[in-house]
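I opened the file to look up a few points and kept notes as I went. The entries follow in the order I made them.

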Amino acid sequence: MMKITRDKVIKHFFGIEGTMDEYKRNEANRIGTNAFMALYSYLLLSSLIALMVGLKYPQYALYALLACNILTAVYGVSFYIMKASKNALLTVNEVTSDNVARIRLHNVKKGIGDAIYFGVTMHLLQAVFSWITGDGFLAYICSPFELIISGGAGILFGITTIFMMNAKISNIGKG
């Protein structure tokens, strides 16, 4: 049970399509190890620099460290994992000619679900942030303008998801 959950998380995190065979597992482990080593080195170095700067300017050191950590995690590590996964051919979805239309329809359904989930989640998170800053929670939830913005963001996210999933399809001919 734990191994099945671990494989699902790894497949989702690395964007692996199809079955999780030994090659894909080894490549995911290699990519994850490389990302960990780079991130560990970065954390040691950034903490040392923040400690030195923090002696004179503690508030600026905190803000700079938090910003750099977020940027490194979001842009540095995530882009490395995406690029390495693509170069190792982990993200390619090999499909026979007979199944291409079925897979594209599945991708559209998944994209619609992702669009709804993203739009609703972002709308609720923005409402919570609005409530924290002192504006009304219900006023934000019921605002037609904010509903249109969140719905538009969800639609753009869904279209992007469909495009990305369909771009990963590799037609291998008759099956």
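**Helix 1 and what follows it**

I began at the end of helix 1, where the next residue, Gly-15, has a positive phi near 70°. The model is a predicted one, and I read every entry below with that in mind.

I placed Gly-15 in the loop between helix 1 and helix 2. Leaving out residues up to four places away in sequence, I found Gly-15 touching Leu-90, Thr-91 and Lys-168.

Next I checked the length of helix 1. It runs over residues 2-14, and at 1.5 Å a residue its 13 residues should span 18 Å; the end C-alpha atoms are 18 Å apart, so the two agree.

Which residues of helix 1 are buried? I noted Asp-7, Ile-10 and Phe-14. Viewed down the helix axis, the buried residues fall within an arc of 65°, so they line one face of helix 1. On the other side I listed Met-2, Ile-4, Lys-8, Val-9, His-12 and Phe-13 as exposed. I then asked what the buried residues of helix 1 pack against. The partners are helix 2 (22-54) and helix 3 (58-87).

**Core**

I looked up the largest nonpolar core and counted 12 residues in the list: Ile-10, Phe-14, Ile-16, Met-20, Ala-28, Ile-31, Ala-35, Val-77, Ile-81, Ala-84, Ala-88 and Leu-90. Helix 1, helix 2 and helix 3 are the elements that give two or more residues to this core. In soluble globular proteins, nonpolar side chains tend to be buried together.

For Ile-10 I noted contacts with Ile-16, Met-20 and Ala-28, leaving aside neighbours within four places in sequence.

**Largest pocket**

I recorded about 1300 Å³ of space in the largest pocket. It is lined by 31 residues, and the closest to its centre are His-12, Gly-15, Glu-17, Met-165 and Lys-168.

Which elements each supply at least two residues of the lining? I wrote down helix 1, helix 3, strand 1 (93-95), helix 4 (100-132) and helix 6 (144-167).

**Loop between helix 3 and strand 1**

I looked at two residues here. Leu-89 lies in this loop and has a positive phi of about 60° although it is not a glycine. Most residues other than glycine have a negative phi, and most peptide bonds are trans. Leu-89 is exposed, because its relative accessible area of 56% is over 50%.

Val-92 sits in the loop between helix 3 and strand 1. At 27% relative accessibility, Val-92 counts as partly exposed. Its contacts, not counting residues up to four places away in sequence, are Glu-17, Lys-168 and Ser-170. Val-92 and Ile-16 are 76 residues apart along the chain, yet their C-alpha atoms are separated by 7.6 Å.

**Helix 4**

I repeated the length check. The 33 residues of helix 4 should span 48 Å at 1.5 Å a residue, and the end C-alpha atoms are 47 Å apart, which agrees. I listed its buried residues as Val-100, Ile-103, Asn-107, Gly-111, Ala-115, Gly-119, His-123, Ala-127 and Ser-130. Gly-134 follows helix 4 and has a positive phi, near 110°.

**Helix 6**

For helix 6, 24 residues should span 34 Å at 1.5 Å a residue; I found 34 Å between the end C-alpha atoms, in agreement. The buried residues are Glu-146, Ser-150, Gly-154, Gly-158, Thr-161, Ile-162, Met-165 and Asn-166.

Leu-147 is in helix 6, and at 44% relative accessibility I put it down as partly exposed. Not counting residues up to four places away in sequence, Leu-147 touches His-123, Ile-141 and Cys-142. From Leu-147 to Gly-119 is 28 residues in sequence and 8.8 Å in space, C-alpha to C-alpha.

My last stop was Gly-152, also found in helix 6. Gly-152 is partly exposed, with a relative accessible area of 28%. Gly-152 and Asn-166 are 14 residues apart in sequence, and I noted 21 Å between their C-alpha atoms.

Technical notes
Residues are numbered from 1 along each chain as its sequence is written. This is a predicted model: local features need pLDDT of at least 70, side-chain atom pairs count only at pLDDT 80 or more; totals for chains, interfaces and linings use all residues. Side-chain values use heavy atoms; hydrogens and water are left out. Helices (H or I, at least four residues) and strands (E, at least two) are DSSP runs, numbered from the N terminus. The expected span of a helix is 1.5 Å times one less than its number of residues. Buried means under 20% relative accessible area, exposed over 50%, partly exposed in between (1.4 Å probe, protein chains only). The arc is that of the directions from the helix axis to the C-beta atoms. Contact means heavy atoms within 4.5 Å. A nonpolar core is a set of buried Ala, Val, Leu, Ile, Met, Phe, Trp, Tyr and Cys residues joined through side-chain atoms within 4.5 Å. On a 1 Å grid over the protein atoms alone, a cavity is a set of points where a 1.4 Å probe fits but cannot get out, and a pocket is an open set with protein on both sides within 12 Å along at least five of seven lines; lining residues have an atom within 4 Å of a point. Grid points are joined across faces, edges and corners, and a volume is the space filled by probe spheres set on the points.
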